[in-house]
Amino acid sequence: MSDAAAAGWALLERARVARLATLAAADGAPHVVPITFACDAARGLIVHAVDHKPKATRALARLANVRADPRASILADHYEEDWSALWWVRADGRAEILEDAPELVDLLVARYPEQYGGEARRPEGPVVALHVERLRSWSA
């Protein structure tokens, strides 16, 4: 892994939330949603799951979008009034939906123990795994 890629993964690990961008299945328009996520840099993966937060439906647009076109991006960033502390990371790749991936859910539980700790709160929905093909980052 290059130094630039390692620096990008390290910044991702610092972020608590990110945005997932997919292409809308119906018309190819951008579709962006905030996500919680976990990284497995060694495998080049970023994962998130459909969790217990209230949703109108479990048939989420992001899942339909990935099924129709797996190209996706994840963007994490940090803002402060002190602009010397700004940074962002964008991971582009191909997403896949995994219906049974307990080892990836374990990554999320370890990263967000207050939200996902305990069996009753573990994400039960599918996991979306982004196989990172390109990682770009910038920091001030």
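R90, D92 and R134 are joined in a network of salt bridges, and in this predicted model the count of salt bridges comes to nine. Apart from these charged contacts, the structure holds a largest nonpolar core of 38 residues and a nonpolar surface patch of about 280 Å².

**Salt bridges between distant parts of the chain**

- The side chains of R67 and E99 meet in a salt bridge, with an N to O distance of 3.8 Å; this pair links distant parts of the chain, since R67 belongs to helix α2 (residues 61-68) and E99 to the loop between β6 and α3 (102-111), 32 residues apart.
- E133 and R94 form a salt bridge in which the closest N and O atoms are 3.9 Å apart; because E133 lies in strand β7 (residues 127-139) and R94 in strand β6, the pair ties together parts that are 39 residues apart in sequence.
- Within this pair, E133 is exposed, with a relative accessible area of 58%, whereas R94 is partly exposed, at 40%.

**The salt bridge of D69 and R71**

- D69 forms a salt bridge with R71, and the closest N and O atoms of the two residues are 2.7 Å apart.
- D69 counts as buried because its relative accessibility is 18%, which falls under the 20% limit, while R71 is partly exposed, with a relative accessible area of 44%.

**Nonpolar core**

- Among the 38 residues of the largest nonpolar core, L12, F37 and I46 touch the most other members, and the largest share of this core, five residues, is contributed by strand β6 (residues 87-98).
- If residues up to four places away in sequence are not counted, L12 touches F37, C39, I46, A76, V89, R111 and L135, a list that includes F37 and I46 from the core residues named above.

**A buried aspartate**

- D40 lies in strand β3 (residues 38-40) and is buried, with a relative accessible area of 17%.
- Leaving aside residues up to four places away in sequence, D40 touches L45 and L107.

**Nonpolar surface patch**

- The patch of about 280 Å² is made by L75, W88 and W138.
- L75, one of these three residues, is found in strand β5 (residues 71-78) and is partly exposed, with a relative accessible area of 34%.

Note on methods. Residues numbered from 1 in each chain as written. Predicted model: local features only at pLDDT ≥ 70, side-chain atom pairs only at ≥ 80, totals over all residues. Heavy atoms only, no water. Core = buried A, V, L, I, M, F, W, Y, C linked by side-chain atoms within 4.5 Å. Buried < 20%, exposed > 50% of the residue type's maximum accessible area, 1.4 Å probe, protein only. Helix = DSSP H or I, 4+ residues; strand = E, 2+ residues; numbered from the N terminus. Contact = heavy atoms within 4.5 Å. Patch = residues over 30% accessible without salt bridge, like charges linked within 9 Å, V, L, I, M, F, W, Y side chains within 5 Å. Areas by Shrake-Rupley, 256 points an atom, 1.4 Å probe, with all protein chains shown as cover. Salt bridge = Lys/Arg side-chain N within 4 Å of Asp/Glu carboxyl O.
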